[in-house]
Amino acid sequence: MPVESGNSAAARQVKQKRKSHSLSIRRTNSTEQDRPGMQRDMLEGQDSKLPMALRSNLMDLFGQIEREFENLYIENLELRREIDSLNERLAGEGQTVDGGDLSKGALKTKASHSTSQLSQKLKTTYKASTSKIVSSFKATTSRAVCQLVKEYVGHRDGIWDLAVTRVQPLVLGTASADHCSMLWSIETGKCLLKYAGHAGSVNSIKFHPTEQMALTASGDQTASLDDDVDFSDKDEADGEADGPNECPTIRIATTTLKSHQGVVIAADWLVGGKQVVTASWDRAANLYDVETSELVHALTGHDQELTHCCTHPTQRLVVTSSRDTTFRLWDFRDPSIHSVNVFQGHTDTVTSAVFTVGDNVVSGSDDRTVKVWDLKNMRSPIATIRTDSAVNRISVSANQRIIALPHDNRQVRLFDMSGVRLARLPRSNRQGHRRMVCCSAWNEENQACNLFTCGFDRQAIGWNINIPALLQEK
């Protein structure tokens, strides 16, 4: 009987190993190929109201997500093994140096220092890679809730601006291109009062800090003050009831401010409510005394038309924005000195710049960016938000410090002050804005309806925004 040599036995073992390896590969491939069929069999055996095609798509998506996390997990395991092997090798080199001559003390110190630096760098890289996985789990476990609460319909043209009264009763005010401004009940959505005294588009509306008084700016080159916004006797208002909601109409303003030579695009109250500031296309902003209606200061310096103005909630500061790609900070805290600072942080029209409760200014622009600035050091922004569409009149929540960004592309996005995106308001054919969103305004006193937006689809919308603390801390 022939005896098999050692070489032939070894060759046979290698062939058997190759054969078994190829068999396992074929089994694995066949398993991967049969997986969709297995998933379909599992789906057919389960009781669900979802269509089979939708359930199959969901299973495919979950399978892709699982593979992505599996790849990340394998990558982190490999990185962990590299760190461990490198630490062992460096530790071995350190032991060799320790056993050497004492004259190599400097070499030992240098080697241990470089070893600790490299080890720390690798650990930092590992933590950064794993933190991405942890962040993705946080985002899925706690979501922002954005729900449409009420629609306010009644204007006959696009709505440029809106605001909420600061004293009770809380009402919503809107300014429209139909030459009218309206006051609405937040709860019922009913029009309470209409002001039709302007001869041009109403571009802005703001309410007095402590009284029921409205300030509107118009394309007829004027700004109007109206203190007849008490709704207890609204049936006695001048004018006839007209419009879809049949609300009473006022046609004569209490006070009219005239000194601009162009469209008045925005207006706001200074802290205390004794003075107002207006911004115009005549490249100037004017400061008026409310009681006498006299012009106190003309704020000039912008090279092109102004687009917005805003006042600080607690200090005598004004910020104006312009089409010249800049915004300016005007300081009236010292009566004898009126200083101005120019900021050039954008590459296109600055559509709005607003103060926050703290020491920040937030600016939005047609260059599709929003920037957060620190009043103490405004050489460069502390955060920059880049978007896919031009940004219109932004607003910042005083309580939650959330920035609401209305866009030309009908979207409204929410960001925190560090530039992290928190949510996007839902929009479809049945809800949300159907045309450009012009403005946003927060309502800190009503948790059920705490954000309002308006657009050129002739409607204002009230939203309930609930941002979990987990998302705001990210």
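## The largest pocket

Which residues lie nearest the centre of the largest pocket? In this predicted model, they are Arg-166, Lys-206, Pro-313, Val-396 and Trp-442, and the lining as a whole counts 39 residues. Several strands each give two or more residues to that lining: E2 (159–164), E6 (202–207), E11 (264–269), E15 (306–311), E19 (350–355), E23 (395–396) and E27 (437–442).

If you like to think in terms of volume, the largest pocket holds about 1,000 Å³ of space. Its lining is made up of 21 nonpolar, 10 polar and eight charged residues.

## The second largest pocket

Next comes a pocket with about 420 Å³ of space. Here the lining has 16 residues, and Trp-160, Ile-265, Thr-307, Thr-351 and Asn-392 are the ones nearest the centre. Sorted by class, the lining of this second largest pocket comprises six nonpolar, five polar and five charged residues.

## A nonpolar patch on the surface

Leu-50, Leu-54, Leu-58, Leu-61, Phe-62, Ile-65, Phe-69 and Leu-72 form a nonpolar patch, and together they have about 670 Å² of accessible area.

Leu-58 is one of the patch residues, and you will find it in helix H2, which covers residues 52–98. Why does Leu-58 count as partly exposed? Its relative accessible area is 31%, and partly exposed is the class between buried, under 20%, and exposed, over 50%.

Methods: Residues are numbered from 1 along each chain as its sequence is written. This is a predicted model: local features need pLDDT of at least 70, side-chain atom pairs count only at pLDDT 80 or more; totals for chains, interfaces and linings use all residues. Side-chain values use heavy atoms; hydrogens and water are left out. Patches are made of residues with over 30% relative accessible area and no salt bridge: like charges are joined within 9 Å, nonpolar side chains (Val, Leu, Ile, Met, Phe, Trp, Tyr) within 5 Å. Accessible areas come from the Shrake-Rupley method with a 1.4 Å probe; for residues, only the protein chains shown count as cover. A salt bridge is a side-chain nitrogen of Lys or Arg within 4 Å of a carboxyl oxygen of Asp or Glu. Helices (H or I, at least four residues) and strands (E, at least two) are DSSP runs, numbered from the N terminus. Buried means under 20% relative accessible area, exposed over 50%, partly exposed in between (1.4 Å probe, protein chains only). On a 1 Å grid over the protein atoms alone, a cavity is a set of points where a 1.4 Å probe fits but cannot get out, and a pocket is an open set with protein on both sides within 12 Å along at least five of seven lines; lining residues have an atom within 4 Å of a point. Grid points are joined across faces, edges and corners, and a volume is the space filled by probe spheres set on the points. Ala, Val, Leu, Ile, Met, Phe, Trp, Tyr, Cys and Pro count as nonpolar, Asp, Glu, Lys and Arg as charged, and the others, Gly among them, as polar.
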